[in-house]
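Please keep the sequence and the 3D view open while reading.

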Amino acid sequence: VIRSVVAGCGAYLPKQVVTNADLARKIETSDEWIRQRTGIGQRHVAAEGELTSHLAIKASEAALKDAGIKADELDLIVLATTTPDETFPATATRVQAALGMTRGMAFDVQAVCSGFVYALAVADNFLRVGQAKTALVIGAETFTRLLDWNDRGTSVLFGDGAGAVVLKAAPGKGDKSDRGILSTHLFSDGRYHDMLYVDGGPSSTGTTGVVRMEGREVFRHAVTKLAQAVDEAIASNGVSEAEIDWLVPHQANRRIIDSMGQRLKLAPEKVVVTIDRHANTSAASIPLALAEAHADGRIKRGQLVLIEAMGGGFTWGSALIRW
Ligand code: ACO
């Protein structure tokens, strides 16, 4: 079989940091409330004129360097974002041009907070069928541009950033000992639209819109749907919880993260957490966390990494990767 092996990863965060205390000066909230309910302590916010593509390009350059490959070796760029630079073309083509890649293909994937898992699955399938050999998968967001800063129920939750992973096709034996992506699991259910959406768009209002969310309902669905996604990833590969070295979850709420860690009977130190510093960066949160734990030596070659995410749509999913 063909496996998509992670050859490198990288990340980028905008310089500007906004703390909970900064927000509490503008809206009726507190550092204590935000930390207790979400685990968030601060978020990075892109500067004026700093676009999703700019963050994506920096993360991609870091990932290519880490992988030791040049942009002209790439066949495919899949970029997950909810906050493209423009309605069209795909932000991925901006990244393609900036990296100096003139062949192959580049396109965006939209699955909100599940975007990176979706993009990874798309790239993995291209590699498995042989339509590409080397792929760059990016999650990049300037999500704070979609916030109503007067809505304390949503504005305290999100941040900006980007992360990227380079995948290379390599032969495997077809069992769980292979390096690379072992499986991906994607789900969606459009009936839940009203619980989490943006109230604008090119076809509906002609405006960008802002995030609307029923936080408590989203929370409740996240816990059960993520459990389904991680259970399926484990069962379909014949691995036990004890074999999982790292859980790298989408970073939406510390309590959701902890409940997934407990479900998998993982020691807290095996769960990669960035929400305290990054907040929820939507499609960027998983590759940001992967890049951090890879760079600091926590995630080592040969280890088993489980990723999972849930977001607007609803969309949700997981992937099991041998690093
Ligand atoms: N500061 C202070 N008080 C606040 C704030 C705030 N920022 N926001 C809401 N409150 C108040 C509410 O008004 C409410 O007050 P009331 O009781 O007087 O009416 C009280 O706090 C409780 O509000 P709830 O919404 O019930 O609080 P909850 O414990 O559910 O926490 C939260 C809200 C943090 C949004 C939580 O529901 C959550 O994290 N849900 C998941 C949503 C999520 O992660 N979305 C991200 C996108 S999807 C994804 O990535 C999975």
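This is a predicted model: local features need pLDDT of at least 70, side-chain atom pairs count only at pLDDT 80 or more; totals for chains, interfaces and linings use all residues.

The ligand lies between domain 1 (2-171) and domain 2 (180-322), because both domains give residues to the shell around it. Four strands form an open sheet, and helices H5 and H10 lie across strands of this sheet.

**Ligand shell**

- There are 23 residues around the ligand, and Thr29, Cys113, Gly215, Phe219 and Ala252 come nearest.
- By class, the shell has 12 nonpolar, eight polar and three charged residues.
- Helix H2 (31-38), helix H6 (152-155), helix H7 (215-237) and strand E12 (304-311) each supply at least two residues of the shell.
- H7 gives the most, with five residues.

**Sheet**

- The strand order is E8-E13-E12-E11, with mixed pairing.
- Strand E8 (180-188) and strand E11 (246-249) are at the edges with a single partner strand each, so one side of each has no neighbour in the sheet.
- On average, neighbouring strands of the sheet are turned by 15 degrees against each other, direction ignored.
- Eight bridges join E8 to strand E13 (residues 315-322), and this pairing is antiparallel.
- Thr184 is placed opposite Ala319 of E13.

**Helices across the sheet**

- Helix H5 (residues 115-129) lies across E8, E12 and E13, and runs at about 125 degrees to E8.
- Helix H10 (residues 285-295) lies across E11 and E12, and its direction is at about 145 degrees to E11.

Key: Residues are numbered from 1 along each chain as its sequence is written. A residue is near a molecule or strand if its C-beta atom, placed from the backbone, lies within 6 Å of it. Ala, Val, Leu, Ile, Met, Phe, Trp, Tyr, Cys and Pro count as nonpolar, Asp, Glu, Lys and Arg as charged, and the others, Gly among them, as polar. Domain bounds come from an automatic or database domain assignment. Two strands pair if DSSP finds at least two bridges between them. Axes are lines fitted to C-alpha atoms, for helices over the stretch in contact, and angles run from 0 to 180 degrees between N-to-C directions. Two residues are in contact if their C-beta atoms, placed from the backbone, lie within 7 Å.
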